[in-house]
Amino acid sequence: MSENIRKEQNSIPTGKVQRSAQFVKTGIKVGGNYVKHYSKKLFNPDLSRDGLNEENAADIYNSLSKLKGSALKVAQMLSMDKNILPAAYANQFSQSQYNAPPLSGPLIVQTFRKYYGKSPDKVFDKFDLKSSNAASIGQVHQAMLNGKKLAVKIQYPGVGEAISSDLKLVKPFAFRLLGMSEKELDIYMREVEERLLEETDYELEVRRSIEFSKACAGLEHVVFPVYYPELSSKRTITMDWLEGMHLKEYLQTNPSQEDRNKIGQALWDFYNFQEHELRAVHADPHPGNFLITPDKKLGIIDFGCIKEMPDDFYYPFFSFTEKSVLQNKEETLKAFRALEMVLPTDSPAQVEFYLRNYSEMIELFTKPYTSGVFDFSRKEFFEQIYAYGEKIARMPEFKQARGVKHFIYINRTNFGLYQILHELKASVRTDTYLPNLQKAS
Amino acid sequence: MEPKEKLQSSYINYVLLNGEQPKSVFVFARENELSEEEFYNYFGSFEGIEQAVWKDLMSLTIGEVKNQEVWPEYSAREKVLSLFFSFFELLKSKRSFAAFNLGKQRRSMGSPKVLQGLKGEFERFSTEVLQEGLESGELMDRPLLSKRYKDALWVQFGFVLNFWLKDTSAGFEKTDEAIEKGVNVTFDLFQRSPIDNLFEYGKFLAQNSGIKMPF
């Protein structure tokens, strides 16, 4: 475990275990802060919670900075460091709060009674009270009904309410630790809170899962479990049990290049189809949300986090995938203004500066789009990105947060996708689902 | 409905609608078409009814949890958790009464008088479950202390009850959390813990190295 933590410095931890090692530590520290706080309070009843909140925020931030892997470097490059941080921060926070021990059997029975009116063994033919997997804010159980193997996801009680109240409590300290004003970060923070809260709404997740799996049904080599809304509730989701391996395990089986490419292509198609055809995307490309099935298909098992893209973001953002746009200074500037990467208050010199730097990095970042076929195993591409990110992180001009709020999740999604493809060492055709830049008006 | 149950529910209705106890047993009995004497066949006083409401709820819960198919497979910890969850689930239907009834109890040391009957039921249940746990080795048998385990559970129960009365979360989810976390902590203490090992180590050192323990 300790080895894993050390490794985190140069690669973003991807395995659940690896990531949670970091989170567990934070959890313990945060727990410790509470103990410390209450023992102090025994002697001084007037002690306010401020000190406690600050200590918590500090500990969370510390462990977060350990996670600062390549993803954050790229974020810096996009000068999004400061707007991606709250997302990471919030995630970190909710995870450290909820790396709870597995729910007890009686609590699961209780949850079922509350939402189904009967115990789990009455709802299903067979229900395993021991959970088989942990999900970020819940756990997964295996069940059988009419000879079918099912997966039942159960949410930890109280998560939803805790997320908003905790975020509110720690927010001011987080801002201070990140060294920026609350006002500046508020719109990003709200965006994050919105997404996090959506993740706790299981009824919404079932509706979306069904919608998305239907819309994506035509994609090759991508499979979705069947969802059962009648067996789901506010706190539970029932779906088919998908057999398969997580990415890490799959890679250990030494798959052939052909298979890697196939999975990689499926992944690329899945994301680009959503972004360009549905204008809404599964915004959590975490390796734990995918399975490689025994017949070498990509199984998608979690639709908790969906980011919708409004037109006024989509068109300027993806216009950069067309080479001609970046060569045309006027067009580029128009798009930058629309995305608030260049602000109306900027001086001509500043406009020139941001124009040059953003163009440069976008050209780098959109390389896969402009290449037709792109080999993600190439280390140079990622090294180039990181190097550029470091250079920019040192520039004082990029201290301020810039860009509309939609960047947070879309950047996370696209870069997450690049990262997984890199791990897969896949070479994919990037022209399968191209951006639709003709406005339908 | 049995006359006894009828009296109970009619009493609950009365206090909830009027916010106070009936003027006298006579008036209350008359409203229920009974003579005062007949009333005393069932209960000794209004407090007696209140106690019975709580006690019956607990016996009902105990009967219900023991009837579950998974019951024999549950560990002592899970049995207690199950009792807590089910009790507060059932208590939901009587929340207003519980709030009224416990609210008017004067704050004092020890448990409110109305809960006396319930406490008996609860202790019988915990003693039985704890005994099983001690026998199976799930819980640590400590001299003197293990006899007090049931008191710890009772304190836990009182805590959750107070928590629940103040809980405003939807579906009382926070109470579920409080139960899950609280009972687990209590049982962690009942189990073999580092303290036991530390104690044994101290004992070992005292016996074998001639060190005089400061206590």
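The structure holds 25 salt bridges over all chains, a salt bridge being a side-chain nitrogen of Lys or Arg within 4 Å of a carboxyl oxygen of Asp or Glu. This is a predicted model, in which local features need pLDDT of at least 70 and side-chain atom pairs count only at pLDDT 80 or more, while totals for chains, interfaces and linings use all residues. Residues are numbered from 1 along each chain as its sequence is written, chains are lettered from A and ligands numbered from 1 in the order in which they are written, and side-chain values use heavy atoms, with hydrogens and water left out.

Chain A has 19 helices and twelve strands; helices (H or I, at least four residues) and strands (E, at least two) are DSSP runs, numbered from the N terminus. Of the 441 residues in chain A, 56% are buried. Here buried means under 20% relative accessible area, exposed means over 50%, and partly exposed lies in between, with a 1.4 Å probe and protein chains only.

Three strands of chain A form an open sheet with mixed pairing, in the order β5-β9-β8. Strands β5 (222–223) and β8 (290–292) of chain A stand at the edges with a single partner strand each, so one side of each lacks a neighbour in the sheet. Two strands pair if DSSP finds at least two bridges between them; β5(A) and β9 (residues 298–300) of chain A are joined by two bridges and run parallel. Within β9(A), A:Gly299 is the bridge partner of A:Val223.

Strand β7 (residues 280–282) of chain A contains A:His282. Is this residue buried or exposed? A:His282 counts as buried because its relative accessibility is 0%. A polar atom of its side chain lies 2.6 Å from the backbone oxygen of A:Asp302. Contact means heavy atoms within 4.5 Å; leaving aside neighbours within four places in sequence, A:His282 is in contact with several residues, among them A:Phe290, A:Ile300 and A:Asp302.

A:Tyr250 is placed in helix α11 (residues 247–252) of chain A. Beyond its neighbours within four places in sequence, its contacts include A:Ile292 and A:Leu424.

The charged residues come next. Side chains of opposite charge can pair when their charged atoms come close. In chain A, a network of salt bridges links A:Glu194, A:Arg195, A:Glu198, A:Arg208 and A:Glu308. In chain B, B:Lys79 forms a salt bridge with B:Glu132, the closest N and O atoms being 2.6 Å apart. This pair links distant parts of the chain, for B:Lys79 is in helix α5 (residues 76–91) and B:Glu132 is in helix α7 (residues 116–136) of chain B, 53 residues apart. B:Lys79 is buried, with a relative accessible area of 6%, whereas B:Glu132, at 36%, counts as partly exposed.

Another salt bridge joins B:Glu177 to B:Lys181, with the closest N and O atoms 3.4 Å apart. Because B:Glu177 and B:Lys181 are four residues apart in helix α9 of chain B, about one helical turn separates them.

What is the nearest side chain of opposite charge to B:Asp167? It is B:Arg95, 6.5 Å away, and B:Asp167 is buried yet has no salt bridge; Lys and Arg count as positive and Asp and Glu as negative, while His and the chain ends are not counted. B:Asp167 lies in the loop between α8 (149–166) and α9 (173–190) of chain B. Its side chain makes a polar contact with that of B:Thr175 (2.6 Å). A polar contact is a pair of N or O atoms within 3.5 Å; within protein, one must be able to donate a hydrogen and the other to accept it, and residues adjacent in sequence count only if both atoms are side-chain atoms.
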